[in-house]
2 protein chains.
Amino acid sequence: MAEIIDKVKEKVKEVGHAVKSEAGPQESAESMNKNQSEANEENDGPSKSALKKQAKEAEKAKKKAEQAAKKEAEAKARAKAEAEVPDCSTGRYGKLSLHQSQSRPNRKRTDISTLSAKNDGEQVLIRARVQTLRAQGSRMVFLNLRQRQDTLQALLQVTDNIISKQMVKWAAGLQDEAIVLVGGTVTKSPEPIKSATVDDIEIHIHELWLIAGLQDRLPFSLDDASRSETAPEVEGQFNRVLLDTRLNNRIIDLRTQTNQAIFKLQHAIGDLFREYLNGQGFIEIHSPKLQGAATESGASVFKVSYFKGNAFLAQSPQLAKQMAIAADFERVYEIGPVFRAEDSNTHRHLTEFIGLDLEMTIEEHYHEVRELLDGLFKSLFRGLREKHAKEIATVGRQFEAEEFKWREGEEGTLSLTFKEAVDLLVEDGVSRDVLDDINTENEKRLGRLVKTKYDTDYFIIDKFPLALRPFYTMPDPVDPTLSNSYDFFMRGEEILSGAQRIHDPIFLAEQMRIKGVDPDTMKGYLDGFRMGCPPHGGGGIGLERVLMLFLKLNNIRRASLFPRDPKRLEP
Amino acid sequence: MAEIIDKVKEKVKEVGHAVKSEAGPQESAESMNKNQSEANEENDGPSKSALKKQAKEAEKAKKKAEQAAKKEAEAKARAKAEAEVPDCSTGRYGKLSLHQSQSRPNRKRTDISTLSAKNDGEQVLIRARVQTLRAQGSRMVFLNLRQRQDTLQALLQVTDNIISKQMVKWAAGLQDEAIVLVGGTVTKSPEPIKSATVDDIEIHIHELWLIAGLQDRLPFSLDDASRSETAPEVEGQFNRVLLDTRLNNRIIDLRTQTNQAIFKLQHAIGDLFREYLNGQGFIEIHSPKLQGAATESGASVFKVSYFKGNAFLAQSPQLAKQMAIAADFERVYEIGPVFRAEDSNTHRHLTEFIGLDLEMTIEEHYHEVRELLDGLFKSLFRGLREKHAKEIATVGRQFEAEEFKWREGEEGTLSLTFKEAVDLLVEDGVSRDVLDDINTENEKRLGRLVKTKYDTDYFIIDKFPLALRPFYTMPDPVDPTLSNSYDFFMRGEEILSGAQRIHDPIFLAEQMRIKGVDPDTMKGYLDGFRMGCPPHGGGGIGLERVLMLFLKLNNIRRASLFPRDPKRLEP
């Protein structure tokens, strides 16, 4: 404990600021003395002319030495004078000691995003990152301050009796991404400041403190990380930061205004999802991710050591949602992690992602679910466009995308049957032979066809062949080769898969056998229906996919805070 | 596929209703014939008196047989007559064929909870469970219908040309927990119906369909499962359903009105948590549960097979939250599963629970976080009491509890320092020697002391000894044996633990070494702070604990949909 005490005391001792002594002048004086002694060594047995030459050179050397000595004396005098000149800015700047909640003076901090020319003349105190800084001579430093999505210009300038040259020099040495506390005056700018999002003011600094510095060089600059993905790359002009480099240094990457906006939008999607479903009588559930058995066939599951046995990570809340329906919850949703042990290394697969899942009872027809889901998506799109135009615009500066389009009003969402979707592709030249299923490539092609023909980025395919769906999917009542199932698409990629489920345990066991699943291996699943389960249906949405496709981020890793794929478990 | 077609056709063929043929009369006729032949076998070599006796007995037997034959004939005639009498209720009742979304007549369903005497005379269609039913003679059946938290009485009564005896008989055979579709007329009840939550009306049924029956006997009745936990147990009067039996049959158990209310309150806590934090500028994050390394010392972690290597399940989002702060998110929260590989089999430990976690930057003092958390809890308590009185009352009928109390207004929440809490316990007679830490037993004792002295079920302990907290906890600036950390308590149990964290990587590594943690083993954690991290603090709340303690459920398993502990991975 004594050790802690000492260490803490050491930390506390660090004074309000630390002006570094300048090593420069002393170093140059030492090198001068060395030159002088070298000259003296060369002085024996020469000719007259040589002597004259030597005398001249000696004179030269002497003069040089005298000049050097004079320079040195001047530098020393200057340094002494500087040291003696009291720093008028003492108490206005420096490195703060480690923040341990020493005191609470209750000085209000201001958010950059709330400031504009209307605040002209106000005194503000701002904690922010130094995104970049630029010194102009020795008397002026411009700082570009950043908070989340916003930046603001601040100016520190030598001012008699207030801002010293020492203070400006210290500020000029601040690292990019240092965290500072800035006190200053809001000052209206005569012309828009292009480098800042708050462009009609700047802050005239009168105090500047370093809260936290960096221990390492930045792996890339935030400016480089924020450039438009579609900007042409010019040799030597800037470095494009590769996705892998970003993900390896995700903490820095996430600081870009683009990423701040992306994850604000991720939050918004979750909120809009809940808001809509809460309004429709749903309740949120939390189902266990640790399962005693692998619950669904198909997708592979991760195995967990569980005390003396094993458990498995849920590959979806499918069973739990359905059990909640059998337990009379009527309408449930869940937002939670979903785990897939699939070795898929594509732009749209993760081993862990966030599922937005819902399940509800059906009264008459599974289209009740389909319509609710459609209502949900449209409310999502509207919510994003209406409440988050700023974030969408911020992301758009780095990831250029046509605005996302969907159909509103009486026209309604485009819904094709699987057969109609296939016909569209065949019309476009795809061979019907390969269209038993629609693969990723043809999905995208279909997306383009639909966009051209119907001017929408969002549509539904209904009535998938039963053979393409999991065993728990309810067959069509008339054509048993079809099923009561649907997929939803955004920009030609599937973002939701859903269906009416089989609620009768005897029929369910039959369907399992037909699909080659032994009902005995899924007793837990089947048992869920033996005590009476109402007809129901639902769907599962991948949060990161919706975010990626709405913003056209082109890689799902960009829509995940700390993405996990078969090759990435860090950071 | 042909097989599916046949099976589906079979299902579809099942007609609208199936009147069972009554086996009773035939069985009794057969047993009469048997008696007759037994009598005939006993007829050789007797005495006269014996003969007389035999003759008499034969006469008796003959008469008996004749009577039986007559009875049989009558029964047959009655059955024939009954079969010939057209069932005036055909098309009003029966088992529905498997729901495959065959049609969509758009008949509106009504929620039981919306009905009252104001709807007198209205026609309604209701899908509900049959909680219980009671036949009165052969002409009347009372059904207790249930939807989530609400029940309603419905009456089916023989009525000329509308409701037949056959229909009533069929209804009387419905199983408890069958799902039915009931059409009827809302009828004001002359006196309150004690057995139903909607007590001023009943439904006079004119159609009744079985949507889904049961494949098995119920493991316990819903009535038994819903009884007050504090009601005295009287031999033979009813069965108390044990927690383990409930959890083994969780789907049935969850159907009780109590559980419907508990999980509605669980949802409410999540919503109130988010609502408050959204209003305070927080953003919701989703951090990965799969980790490349065990990130915190102390609690054990579950190991996962991850392709050719291993991963670990996050035992808290601690690291991720802090990394989000280092990435400038400023204020973040997460609602998600937390995994603990601790072999703790207590009333308050789960191996998987839902963490309500938050982290925020600090400007001047960690009490900024403490105050925000306090505001959060009070808004939670208020929200539950104001918006969910019905659910709290429903749960209270089974789990009796004093109303949860907290201090509002200027008085503010009670906050004791750790030292003050220890003093209170010492005053009460606990030896100071055992109070280096406050164990669970003394925690509860403290809760009782505080309740008596301050009349509150909710309070804070601040300034824990540094030795009791994890390595990342910020020491107190003056007394380095203390720390900037706090716990929150409800009814004498800890529900939140939080602190200011160390944001400086060099100081953090020092603290690790002091606590015996090798910084090299936690490089990922340390690296998170190397590029500048603002001062910050936060806390983690166990959702199930808050729910359990607010409602006094006495076991955390009751607050988890499908609980997981060292011995339970199903259902």
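User: Where in chain A is the place of R370(A)?

Analyst: Please keep in mind that this is a predicted model. Among the residues that R370(A) touches, leaving aside those up to four places away in sequence, are S415(A), I460(A) and D462(A). R370(A) itself belongs to a helix of chain A that covers residues 367-387, and that element is helix α10.

User: Does R370(A) count as buried or exposed?

Analyst: A residue is called buried when its relative accessible area is under 20%, and exposed when that value is over 50%. The relative accessibility of R370(A) is 15%, so the residue counts as buried.

User: Which residues does S228(A) touch, not counting residues up to four places away in sequence?

Analyst: S228(A) sits in the loop between α5 (222-225) and α6 (243-248) of chain A. The C-alpha atoms of S228(A) and R397(A) are separated by 6.1 Å, although these residues are 169 residues apart along the chain. With residues up to four places away set aside, the residues touched are R240(A), R397(A) and Q398(A).

User: How many residues apart are K264(A) and E391(A), and what parts of the chain does the pair link?

Analyst: The side chains of K264(A) and E391(A) meet in a salt bridge, with 3.6 Å from N to O. This pair links distant parts of the chain, since K264(A) is in helix α8 of chain A and E391(A) is in helix α11 (residues 389-398) of chain A, and the separation is 127 residues.

User: Why is helix α16 of chain B largely enclosed by the rest of the structure?

Analyst: The helix covers residues 543-551 of chain B, and its buried residues include L543(B), E544(B) and R545(B). Helix α16 is largely enclosed because the number of its residues that are buried is 9 of the 9.

User: Which residue forms a salt bridge with R545(B), and what parts does the pair tie together?

Analyst: R545(B) counts as buried, at 15% relative accessibility, and its side chain meets that of E494(B) in a salt bridge of 3.9 Å, N to O. R545(B) lies in helix α16 of chain B while E494(B) lies in strand β16 (residues 493-500) of chain B, so the pair ties together parts 51 residues apart in sequence, and the partner is E494(B).

User: Which are the edge strands of the open sheet of 8 strands in chain B?

Analyst: The order of the strands in this sheet is β7-β11-β12-β17-β16-β15-β14-β13, with mixed pairing. An edge strand pairs on one side only, and here the edge strands of chain B are β7 (283-284) and β13 (414-417).

User: How many salt bridges does the rule find across the interface of chain A and chain B?

Analyst: The contact takes 127 residues from chain A and 127 residues from chain B, and the area buried between the two chains is about 11,200 Å². One of the salt bridges joins the side chains of E371(B) and R104(A), at 2.8 Å from N to O. Across the interface of chain A and chain B, the number of salt bridges found is 18.

Technical notes: Residues numbered from 1 in each chain as written. Chains lettered and ligands numbered in written order. Predicted model: local features only at pLDDT ≥ 70, side-chain atom pairs only at ≥ 80, totals over all residues. Heavy atoms only, no water. Contact = heavy atoms within 4.5 Å. Buried area = accessible area lost by both parts, 1.4 Å probe. Salt bridge = Lys/Arg side-chain N within 4 Å of Asp/Glu carboxyl O. Buried < 20%, exposed > 50% of the residue type's maximum accessible area, 1.4 Å probe, protein only. Helix = DSSP H or I, 4+ residues; strand = E, 2+ residues; numbered from the N terminus. Pairing = 2+ DSSP bridges.
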